[in-house]
Amino acid sequence: MTTIDTHAHLDHLENLEEALRNARESGVVGIVAVGVDLAANKKNLEIKKNTTNPRIYVALGIHPGNINPTEVDECLQFIREHIQEAIAMARSKGLDLIEIAPQATPPVCKILDFAKFKYEQDKKLKEARKK
């Protein structure tokens with residue numbers, strides 16, 4: 001069975017190498033490293049560039065609870081400059097980058113397997129109709 005950790009804050013770990021080794025030994029083949037601010041986004045890209053196993057996928061972003069008004073513009077610029085890397089990582093694993101808030105600046109996107117998501121939604125709808 002293939003396991004991918006879909007939400008990890010690798011930038012917060014005190015012993016990253018140990019955590020990655022434990023993940024590998026547990027069968028984790030990929031980790032989505034979630035960025036919540038400029039420092040986290042930069043650190044996660046650095047981790048991705050220096051890690052081959054498990055494979056690191058970077059989700060660039062700003063968490064509403066982590067907004068620092070003095071660095072918002074710099075963080076948004078960093079995201080714009082590196083968004084193609086995030087898209088390429090998603091596509092390399094057959095995942096889709098889905099725009100969920102296109103009016104936001106920058107637009108808010110989510111990485112997921114859209115075909116699987118659609119299948120699960122249809123399945124839930126059919127089950128609800130049976131009731």
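How many bridges pair S1 and S2, and in which sense do the two strands run? I began my notes with this point, working throughout from a predicted model, and I found that S1 and S2 pair in the parallel sense over 4 bridges.

**Entry 1, the sheet.** I next looked up how the strands are arranged, and I noted 3 strands forming an open sheet in the order S1-S2-S3, with parallel pairing. The edge strands are S1, residues 3–8, and S3, residues 55–59, each of which pairs on one side only. Neighbouring strands of this sheet are turned against each other by 20° on average, with direction ignored.

**Entry 2, strand S2.** I then turned to S2, which covers residues 28–34 and is joined to S3 by 5 bridges, the two strands running parallel. I checked individual positions and found that Gly 30 of S2 is the bridge partner of Ile 4, while Gly 30 also stands opposite Arg 55 in S3. Further along, I recorded Val 58 in S3 as the bridge partner of Ala 33. Is S2 mostly covered or mostly open? I found S2 mostly covered, since 6 of its 7 residues are buried.

Is Asn 44 buried or exposed? I noted that Asn 44 has a relative accessible area of 0%, and because buried means under 20%, Asn 44 counts as buried. Which residues does Asn 44 touch, if those up to four places away in sequence are not counted? I listed Leu 10, Asp 11, Ala 33, Val 34, Gly 35 and Val 58 as its contacts on that basis.

Technical notes
Residues numbered from 1 in each chain as written. Predicted model: local features only at pLDDT ≥ 70, side-chain atom pairs only at ≥ 80, totals over all residues. Heavy atoms only, no water. Buried < 20%, exposed > 50% of the residue type's maximum accessible area, 1.4 Å probe, protein only. Contact = heavy atoms within 4.5 Å. Pairing = 2+ DSSP bridges. Axes fitted to C-alpha atoms, helices over the stretch in contact; angles between N-to-C directions.
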